[in-house]
Amino acid sequence: MRFGYFDDRNREYVITQPDTPLPWINYLGNQDFFGIISNTAGGYCFYKDARLRRLTRYRYNNVPMDSGGRYLYLRDDVSGAYWSPTWQPTQTQLDEYQCCHGLGYTKISSEFLGIRTSLSYFIPLDDNLEVWLLEVKNSRPTKVILSVFSCVEFCLWDAQDDATNFQRNLSTGEVEVENGIIYHKTEYRERRNHFAYFACSEPLSGFETQRESFLGPYRGWDVPLSVENGHLNNSIAHGWSPIGSHHIKLTLAPGGSSQVVFILGYHENSADHKFNPPESQTINKESLEPILAAYLDPAHAITSLSDLQQYWEARLRTFQIASPDVHTNRMVNTWNAYQVMTTYNISRSASYYESGIGRGIGFRDSNQDLLGFVHLIPIKARQRILDLSATQLENGGAYHQYQPMTKRGNDAVGSNFNDDPLWLVLGTAAYIKETGDWSILDERIVFNNLPGSEVSLLEHLHRSLQYTLIRLGPHSLPLIGHADWNDCLNLNTFSEMPGESFQTATHRDGTVAESVFIAGLFVLAVKEMVDLLQNCGSVDKISLYQDAADKMIRTIYTHGWDGSWFLRAYDNYGVKIGSQDCEEGKIFIEPQGICVLAGLGIENGMAARALKSVNMLLATQHGLVLQQPAFSHYYLNLGEISSYPPGYKENAGVFCHTNPWIMIAETMIGNGDQAFDYYTRINPSAREAISEIHRCEPYVYAQMIAGKDAPSFGEAKNSWLTGTAAWNYVAITQFILGIRPSHAGLTIQPVIPKDWMEFQAVRIFRGVEYHIRVIRHGPGNIVQLQVNGQSIPGITVPIPPADIHLVQVEAILT
Ligand code: BGC
Ligand code: NOJ
């Protein structure tokens, strides 16, 4: 069952009924100011940090779900009937409803009682504000007198404090209203130099800034007393819960229409220009005035929306394809790239499933996100690599995440995840392959934000590898530390205390438990590093690393192979995990993926064997589950993984992030049919037809789909912010379609299904546009390249001379 459809030409998903199984979310914002918005206008916005600079309230895990948003109420002032044109919060049965989630904007249109509205929400490219562009049209044969009420509820900036410290914050709220503009200025009197504002392009008939005055006692957002009465009380909030609500009146002749703009924004003043007059407590609005004047003009608002659309077109042009599969085309051309950009911007901080309070920019997460994102805006990826490495510790270790406002490593969410540092090598290598910008390796960067500790980025990468090399365990495999990629495989935690954080607690010294996953990742990172060192002429450590990687490979073959698949780990007692010998958790997906990606077992048949085991034991119609058999109870020596009921999350859910590793591995053994089959099983667009089972948005990947052990098998959860986005993008574009950047040029090595006779792609790479046509002449994966009509040896199209900007490539597969 579907709840909408893809409009591929406009790059929109069109939702046709408001009560989707879960709120179907979109993101607004590109630089510093962001918002999440649901298909019924729920959600909130923030400047840089969803915890510390949150403008509006959102009630997570509340009922009715998706509570708090960018709400409007329309009221027929003759009959007194009122409704929400976005369905929430009144939930009036609308005569027509449609929500188009587009790239960086959401447009909700509806009709009720002969009144058509269309409401576009977006954050313009370069300003810290949301625009709500409302168009109201009277389709009745008679004149209509309407009231329009807006409403947002302000968050007192620190979302954690706002939700907990009531004894203080019910007394701190302050607002100003000047020329119809509502200013939220809680704590501006003291150490905040920022305030929020909510403005409207039309003259006001009234306003409200005190929540209780707007709603009336004991009422909810669905039945606000002021709206019911048809007028606002011009309340000024002193403490309690400041809101912003405007009241405007529209009289529309039959067929008549009107445009209204609302803007909700964030603004900072310098510390010495906070007040005007300076000795007063009144906000100095001087520097804000030009912004207000510009955006309150509907023509400017419309232009900035089209600028935003052009911006996205320009980004997406970097890689466009025409393949025989519609699901592949729309994910690659639009939605997967868009999701990758969003995960890169927001990391794992603010979504419908992440409160924006607990987590910042992940070290491991960002490095993986940029594998899929780097070609969209390389310069931003460059900055992220520098920011991440500035939080690296001198011993090569990493904080698990840093805070977006301060860019400092955050100890509160733990460190000691021993895979973390290695991802920096992969992220940096991907950046250089995409851009050819070797200068990044010479950038001098601090450790742990400490001035004076600067070394080159290249030295940071050396430290990352050394970190693994000096942390080897009894089998000479890498020690796992707090956990590896699987945050929930906590082999040193041994937590017995209810509620203790699995992500930070460690009750063992960590000298025994080892990870085969990190071993595979190390081999992969060494490959990338050796490639970097060879290309940049810094050869002295090459043989050291090659020897270490060879040794690691031998170790994996000896101590990390279980007969039919790669082992997962050794626990704190030196006992195997992910082995035939185990009763539960006999086989894990991660080492099968990462070891094959690192090239292990390709020559000696182990890779094919491991992948066959994956197929037999982990594959389901909804994707590949993380491990089997699921853990039926809590294991003290395994940690959080066994805290989840069977089939959910890391305990045998389809943890989608890992699936593309297997897709890539399948391409590495030449199996395009299998790779594409796995790709399709979790492709959100391909699952659209079963939206009543999948339940999450059909246009973006979710972190998890409940596995076969779960009662809700097939149900997705935790959509949007997941490494799944980047890895699936890499799997389909670089390994199945096979178009991937390398240091020497653009490599073309498709491993596509046997029944694909042809596909085409346009890829902009290092300033050159490549028009690529792949044609199948035989059933295999052998590639013969023709560049501008000339056959060339090998699978890499060399970088053309500087004056060439267009290259035609034909790849014949036999
Ligand atoms: C989740 C993991 C996540 C970790 C860190 C755990 O509860 O299961 O998927 O990586 O928290 O936030
Ligand atoms: C989600 C985290 O963001 C990611 O870093 C981790 O690798 C996976 N969960 C698996 O635990």
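Two strands pair if DSSP finds at least two bridges between them. I also note that helices (H or I, at least four residues) and strands (E, at least two) are DSSP runs, numbered from the N terminus.

**Entry 1: ground rules**

I am looking at a predicted model, in which local features need pLDDT of at least 70, side-chain atom pairs count only at pLDDT 80 or more, and totals for chains, interfaces and linings use all residues. Residues are numbered from 1 along each chain as its sequence is written, chains are lettered from A and ligands numbered from 1 in the order in which they are written, and side-chain values use heavy atoms, with hydrogens and water left out.

**Entry 2: the whole chain**

I looked up the secondary structure and found 19 helices and 42 strands in the protein chain. Next came the radius of gyration (taken over C-alpha atoms), to be set beside the globule rule, 2.2 Å times the number of residues to the power 0.38. The chain has a radius of gyration of 28 Å, close to the 28 Å that the rule gives for 814 residues, so it is as compact as a globular protein of that length. I also noted that the C-alpha trace spans about 80 × 60 × 55 Å along its principal axes.

A reminder for myself: strands of a sheet pair through backbone hydrogen bonds, either parallel or antiparallel. I traced an open sheet of ten strands in the order 1-2-9-10-11-12-19-16-15-14, and its pairing is antiparallel. Which strands stand at the edges? They are strand 1 and strand 14 (175-178); each has a single partner strand, so one side of each is left without a neighbour in the sheet. On average, neighbouring strands here are turned by 15° against each other, direction ignored. For such angles, axes are lines fitted to C-alpha atoms (for helices over the stretch in contact), and angles run from 0 to 180 degrees between N-to-C directions.

I then zoomed in on strand 14, which pairs with strand 15 (residues 181-184) over four bridges in the antiparallel sense. E176 stands opposite Y183 in strand 15.

At another place I found R11, with phi near 50°, a positive value in a residue other than glycine. R11 sits in the loop between strand 1 (4-7) and strand 2 (12-15).

I found another open sheet, of three strands in the order 35-36-41, with antiparallel pairing. Strand 35 (739-742) and strand 41 (796-798) are its edge strands, each pairing on one side only. Its neighbouring strands are turned by 30° against each other on average, direction ignored. Strand 35 runs antiparallel to strand 36 (residues 745-748), and four bridges join them. I739 has I748, in strand 36, as its bridge partner.

**Entry 3: two cis peptide bonds**

I checked omega and found a cis peptide bond joining Q88 and P89, with omega about 0°. P89 lies in the loop between strand 8 (82-83) and strand 9 (96-101). The bond from N276 to P277 is cis as well, with omega near -5°. P277 has its place in the loop between strand 19 (257-268) and helix 5 (289-295).

**Entry 4: ligand 1**

What surrounds ligand 1? I listed R359, D487, C488, Q503, E640, Y644, K649, E650, F655 and Q703, where near means that a heavy atom of the residue lies within 4 Å. This shell divides into three nonpolar, two polar and five charged residues. Ala, Val, Leu, Ile, Met, Phe, Trp, Tyr, Cys and Pro count as nonpolar, Asp, Glu, Lys and Arg as charged, and the others, Gly among them, as polar.

I looked for N or O atoms within 3.5 Å of each other. An oxygen atom of ligand 1 is 2.5 Å from a side-chain N or O atom of D487, and E640 also has a side-chain N or O atom 2.5 Å from a ligand oxygen. For K649 the distance is 3.2 Å. Taken alone, ligand 1 exposes 310 Å², and the protein buries 80% of that (areas by the Shrake-Rupley method with a 1.4 Å probe).

**Entry 5: ligand 2**

Around ligand 2 I found R348, R359, R364, D365, W485, N486, D487, E650, F655 and Q703. They divide into two nonpolar, two polar and six charged. A side-chain N or O atom of R364 is 2.9 Å from an oxygen atom of ligand 2, a backbone N or O atom of D487 lies 3.0 Å from a ligand oxygen, and a polar side-chain atom of E650 lies 2.6 Å from one. Ligand 2 exposes 290 Å² when taken alone, of which the protein buries 94%.

Notes. A polar contact is a pair of N or O atoms within 3.5 Å; within protein, one must be able to donate a hydrogen and the other to accept it, and residues adjacent in sequence count only if both atoms are side-chain atoms.
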